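Subject: Structure handover and findings

Hello,

Here is the structure for you to look over. My notes follow below it.

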Amino acid sequence: MTRTTQEWQAADAAHFLHPFTDFQSLARKGSRVITRAENIYLWDSDGHKLLDAMSGLWCVNVGYGQRSLIDAATKQLQELPFYNAFFQTATPPAIALAELLAEVAPPGFEHVFFAGSGSEGNDTVVRMVRRYWDLLGQPQRQVIISRDNAYHGSTMAGASLGGMAGMHAQGGLPIPGIEHIGQPYWWQHGRPQGLSREAFGLQAAHWLEQRILAIGPDKVAAFIGEPVQGAGGVIIPPATYWPEVQRICDQYGILVVSDEVICGFGRTGSWFGCQTQGFRPDLMTFAKGVTSGYIPLGGVLVGERIARVLIERGGEFNHGYTYSGHPVACAVGLANVGLIRSLGLVERVRDDLGPYLAQVYASLADHPLVGDAETCGLMGALLLVKDKAQGTAFPEALEIGMVCRGHCFREGLVMRAVGDRMIVAPPLVITRAQIDEMAALIRRCLDLTLADAQREGWLH
Ligand SMILES: *Cc1c(COP(=O)(O)O)cnc(C)c1O
């Protein structure tokens, strides 16, 4: 399928409605067509090479071109490309992956419900949480509490659980029974009050308690959060936050749901982000890194508190997807989790790459545009500010993040902008030398952005 970039762009604009995209603007500018990838690099249809510091969309944990994943998919496609898991049937890859996930998950997780994506996983969470309380004779426990600026997917339930104002503004969301509290973003909420990060972490956790009391503890079913918010801009909570959230949920008997779609499978230097952040969820949503994005797969790891009730109290759970436990997806998941293990990627992120990225980011913090530089494992964020000493933000209308992102693409780096936060989440197979290469590109793009700001007078 060789066409010129212009031909691809014309056909794209004519027929393909992209996710989260302003269609007219895309048609005007033309899409960037990515045609191949290897290791941590992408190539577009013009042959332009890019260092993919976002792992595709936070998912290609083992990097591109891994033979064992490709072979696992090929072999499974030949042997049994599809069979379902309804009506008392199963396939070997789904059984084996459920078993393997229970092995790598924290203690107390012995069961898995498979879905096709993270959004479907979170829809499953809503239904499972409410089913749990129904079975326990507390059907009034319906409310799920989430946070502003959370991302939990794009289905009706996923978008409702999420805290993205722009998503709620379209389609009559959130659905009933979902409430949001403030996010644990120190720069936004804690710094203006002069609070230390630790003190702010406790304050943000207490917002949860206040909301539980306002709703009535007997009406609250669960609290859901990403250990580290990803799409919201790599918001790393203070270390005091999650343990206090856990304490509060325990006190009121409320279920804790960890959305591990980004943080799972080694991203933060543990198998799951809750282990890094110090809490013990009852449910964990997963997707993305479970197959390193080679093929769609998601689901929910179900802790024993819930599994026991679902299983022992009996009755049919009227929920499932055609592709729940898809054999090819599960075969790729098996190969991927096996590869993460055999390469020791979780330990590498924890002991070597994570600390190294933190060190590199500490040096990027010297840059005149950088107000804050933070990392957690192999996730990093740089906050762009107008005045470093005062921590003053650029006016939103300047879209300073998009200016920087434009330079990144031109210089051969995929880095994402979320407002004024520039974020990375590179593949876990990245080397120290490649982290240096990424950092040099980041510094260069910051310099180019600074030069724009100086030339245009944005700094005054
Ligand atoms: C990407 C993401 C989702 C949604 O997953 P999809 O596979 O896109 O449906 C849910 N939660 C988090 C934290 C995510 O980053």
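A patch here joins residues with over 30% relative accessible area and no salt bridge: like charges within 9 Å, nonpolar side chains (Val, Leu, Ile, Met, Phe, Trp, Tyr) within 5 Å. Areas come from the Shrake-Rupley method with a 1.4 Å probe, and for residues only the protein chains shown count as cover. This is a predicted model: local features need pLDDT of at least 70, side-chain atom pairs count only at pLDDT 80 or more, and totals for chains, interfaces and linings use all residues. Residues are numbered from 1 along each chain as its sequence is written, and side-chain values use heavy atoms, with hydrogens and water left out.

Surface patch

Phe-82, Tyr-83 and Tyr-323 make a nonpolar surface patch of about 310 Å². Phe-82 sits in the loop between α4 (67-79) and α5 (92-104). Helices (H or I, at least four residues) and strands (E, at least two) are DSSP runs, numbered from the N terminus. Phe-82 is partly exposed, because its relative accessibility is 31%. The classes are buried (under 20% relative accessible area), exposed (over 50%) and partly exposed in between, with a 1.4 Å probe and protein chains only.

Cavity

There is one cavity of 30 Å³ or more. A cavity is a set of points, on a 1 Å grid over the protein atoms alone, where a 1.4 Å probe fits but cannot get out; lining residues have an atom within 4 Å of a point. Points are joined across faces, edges and corners, and volume is the space filled by probe spheres set on them. The largest cavity has a volume of about 50 Å³. Its lining includes Trp-186, Trp-187, Arg-197, Asp-372 and Glu-374. α9 (186-190) and β11 (370-376) each supply at least two lining residues. The lining divides into six nonpolar, no polar and three charged residues. Nonpolar covers Ala, Val, Leu, Ile, Met, Phe, Trp, Tyr, Cys and Pro; charged covers Asp, Glu, Lys and Arg; the others, Gly among them, are polar.

Salt bridges

The structure holds 16 salt bridges. The criterion is a side-chain nitrogen of Lys or Arg within 4 Å of a carboxyl oxygen of Asp or Glu.

- Lys-75 pairs with Glu-79, with the closest N and O atoms 3.9 Å apart. The two are four residues apart in helix α4, so about one helical turn separates them. Lys-75 is exposed at 53%, and Glu-79 is exposed at 58%.
- Asp-352 pairs with Arg-432, with the closest N and O atoms 2.7 Å apart. Asp-352 lies in α15 (residues 345-364) and Arg-432 in α17 (residues 432-456), so the bridge ties together parts 80 residues apart in sequence. Asp-352 is partly exposed at 26%, as is Arg-432 at 40%.
- Glu-456 and Arg-455 meet at 3.7 Å, N to O. Glu-456 is partly exposed at 47%, whereas Arg-455 is exposed at 58%.

Salt bridges with shared partners also join Arg-197, Asp-372, Glu-374 and Arg-421 into one network.

Backbone

Where is the cis peptide bond with omega of about -5°? It joins Leu-173 and Pro-174. Pro-174 is in the loop between α8 (165-168) and β6 (178-181).

Trp-58 is not a glycine, yet has a positive phi of about 65°. Trp-58 belongs to helix α3 (residues 55-58) and is buried at 2% relative accessibility. Phe-265, also not a glycine, has a positive phi of about 65°. Phe-265 lies in the loop between β8 (255-259) and α12 (273-277) and is buried at 0%.

Best wishes

Conventions:
1 Å grid on protein atoms, 1.4 Å probe; cavity = no way out; pocket = protein on both sides within 12 Å on 5 of 7 lines; lining within 4 Å.
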